[in-house]
Amino acid sequence: MKGRKLRFVLLPAAAVLLELLPYGAVLNFGVQAEDGSIDTIRRTYSYFSLTPFGYALFGPLLTAILSCLLLAVGVLYLWAGKGKSALKGLSVIAVLMSLSPLLFGVRCFTVPGALISALLLAEAVVAFLPEKG
């Protein structure tokens, strides 16, 4: 039974590891070129960075915080068997927050961001699956 509960720790742990990489959150800056036209510079940041949060991209930091909470509740569920309803609620909210950069367009979403969303979605699906005795 511990093997089935272990996935509640492994999925958010993998998401947190991907969130630590500096490739998840995207900011696109407009800069003026020498000829007067506007070019776009793309910068990527870790989900834990406050820079995107300061530029009103709230989703990545909130996703990182929710992933850490999911990890903590997953450890609690692994050891004590408590917190399954919290896992369900947190995982759904984390999936929605991880997809929030898509509101700014596909240019603000990265492959690591998609992998993080997929891991959190897998966590949500697993949390809603019935337990087998």
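1. A residue counts as buried here when its relative accessible area is under 20%. By this criterion, in this predicted model, the buried residues of helix α5 are P112, G113, I116, S117, L119, L120, E123, A124, V126 and A127.

2. The geometry of α5 itself may be checked by its length. Helix α5 comprises 18 residues, 111-128, and at 1.5 Å a residue it should span 26 Å. The C-alpha atoms at its ends lie 26 Å apart, so expectation and model agree.

3. At the start of α5, T110 places a side-chain oxygen within 3.1 Å of the backbone nitrogen of G113.

4. Is S117 buried or exposed? S117, which belongs to helix α5, has a relative accessible area of 7%; because this is under the 20% cut-off, the residue is classed as buried. Leaving aside residues up to four places away in sequence, S117 touches S98, L99 and F109.

5. A56 sits in the loop between α2 (50-54) and α3. Its relative accessible area is 39%, and A56 is therefore partly exposed, since that class lies between 20% and 50%.

6. A56 and L120 are separated by 64 residues in sequence, and their C-alpha atoms are 22 Å apart in space.

Methods:
Residues are numbered from 1 along each chain as its sequence is written. This is a predicted model: local features need pLDDT of at least 70, side-chain atom pairs count only at pLDDT 80 or more; totals for chains, interfaces and linings use all residues. Side-chain values use heavy atoms; hydrogens and water are left out. Helices (H or I, at least four residues) and strands (E, at least two) are DSSP runs, numbered from the N terminus. The expected span of a helix is 1.5 Å times one less than its number of residues. Buried means under 20% relative accessible area, exposed over 50%, partly exposed in between (1.4 Å probe, protein chains only). A polar contact is a pair of N or O atoms within 3.5 Å; within protein, one must be able to donate a hydrogen and the other to accept it, and residues adjacent in sequence count only if both atoms are side-chain atoms. Contact means heavy atoms within 4.5 Å.
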